[in-house]
Amino acid sequence: LQTFMSDTEDSSTSSSQSFGKSQSVRFAVDSDVELGFYFMFQAEELKEAGNKAFKASKYGEAIDFYQKAINTDKISLADKAKCYGNMSHSYLLWQSKYKEALEAGRRSIEFSVKGGNYPRAFQRCAAAHIKLNQPGLAALTLKKGLASFPLSNSDKDLLNKEYNSVE
């Protein structure tokens, strides 16, 4: 039997308070399977904390939470793609960190293509290309997104709309 301590977000924290508030949680596991479930739960919790921070326009904190969720290495490809995509969006909105946004967007695409199926990854990456004054690369990125995997009609519309605005 192994016991782990974790810092988790206090669920009673309101959006006006700091998202970094910690509460100790003791979790006992007696198998690797249970340990895997614990880390998956922790990754989901960190991703949700990132989403809350993003909604509160705390982009730096959101990036930190998304990175921590990714670093647990117990996160699905889809959630990894979304975390990187959300990091890219956060970088675009926070201190105009366009190169960081592009790198996070590229990572989002990487995990989306590997099985994460997150079409917005291409939109996030294209937005960074636009901010870096690279409209040709933005258009190419969006075209790749349209051709990469089956898309819902709303995802096709989103990427086509972005593509048409770049041309």
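**Helix packing and exposure in a predicted model**

Biologist: Why are H6 and H7 called roughly antiparallel to each other?

Modeller: In this predicted model, local features require pLDDT of at least 70 and side-chain atom pairs pLDDT 80 or more, while totals for chains, interfaces and linings use all residues. Residues are numbered from 1 along each chain as its sequence is written, and side-chain values use heavy atoms, without hydrogens and water. Helix H6 spans residues 135-148 and helix H7 spans residues 153-166, and the two pack at an angle of about 160 degrees with their axes 9 Å apart. Such axes are fitted to C-alpha atoms over the stretch in contact, and angles run from 0 to 180 degrees between N-to-C directions. An angle over 145 degrees counts as roughly antiparallel (under 35 roughly parallel, 65 to 115 roughly perpendicular, the rest oblique). H6 and H7 are therefore roughly antiparallel.

Biologist: Which residues of H6 and H7 meet?

Modeller: Contact is the test here, with heavy atoms within 4.5 Å. On the H6 side are Pro-135, Ala-138, Ala-139, Leu-142, Lys-143, Gly-145 and Leu-146. Their partners in H7 are Lys-156, Leu-159, Asn-160, Glu-162, Tyr-163 and Val-166.

Biologist: How do you know how H5 and H6 are oriented to each other?

Modeller: H5 and H6 pack at an angle of about 170 degrees, and their axes lie 7 Å apart. With that angle they too fall in the antiparallel class, so H5 and H6 are roughly antiparallel to each other. From H5, Phe-122, Gln-123, Cys-125, Ala-126, His-129 and Ile-130 take part. Among the residues of H6 that they meet are Pro-135, Leu-137, Ala-138, Thr-141 and Leu-142.

Biologist: How many helices and strands does the protein have, and in what order do its elements run?

Modeller: There are seven helices and two strands. Each is a DSSP run, numbered from the N terminus (helices: H or I, at least four residues; strands: E, at least two). The order from the N terminus is β-β-α-α-α-α-α-α-α. Of contacts between residues at least 6 apart in sequence, 51% join residues at least 24 apart.

Biologist: What makes Gln-123 count as buried?

Modeller: Buried means under 20% relative accessible area, exposed over 50%, and partly exposed in between (1.4 Å probe, protein chains only). Gln-123 lies in helix H5, and its relative accessibility is 13%, so Gln-123 counts as buried. Beyond its neighbours within four places in sequence, Gln-123 is in contact with Leu-142, Leu-158, Leu-159 and Glu-162. In the protein of 167 residues, 42% count as buried.

Biologist: How do you know whether Gly-85 and Ser-88 are buried or exposed?

Modeller: Both residues are in helix H3. The relative accessible area of Gly-85 is 0%, so Gly-85 is buried. For Ser-88 the value is also 0%, so Ser-88 is buried. Leaving out residues up to four places away in sequence, Gly-85 touches Ser-108, Tyr-118 and Arg-124. The C-alpha atoms of Gly-85 and Ser-108 are 5.2 Å apart, although 23 residues separate them along the chain. Ser-88, with neighbours within four places set aside, is in contact with Ala-101, Ala-104, Gly-105 and Arg-124.

Biologist: Why is Asn-117 called partly exposed?

Modeller: Its relative accessible area is 44%, so Asn-117 is partly exposed. Asn-117 is found in the loop between helix H4 (98-116) and H5. Not counting residues up to four places away in sequence, Asn-117 touches Ser-112, Phe-149 and Pro-150. Asn-117 and Ala-81 are 36 residues apart in sequence and 7.9 Å apart in space, C-alpha to C-alpha.

Biologist: What makes Asp-73 exposed?

Modeller: Asp-73 has a relative accessible area of 55%, so Asp-73 is exposed. Its place is in the loop between helix H2 (59-71) and helix H3 (77-93). Phi of Asp-73 is near 60 degrees, a positive value in a residue other than glycine.

Biologist: How do you know whether Asn-133 is buried or exposed?

Modeller: The relative accessible area of Asn-133 is 66%, so Asn-133 is exposed. Asn-133 lies in the loop between helix H5 (120-131) and H6. Phi of Asn-133 is near 60 degrees, which is a positive value in a residue other than glycine.
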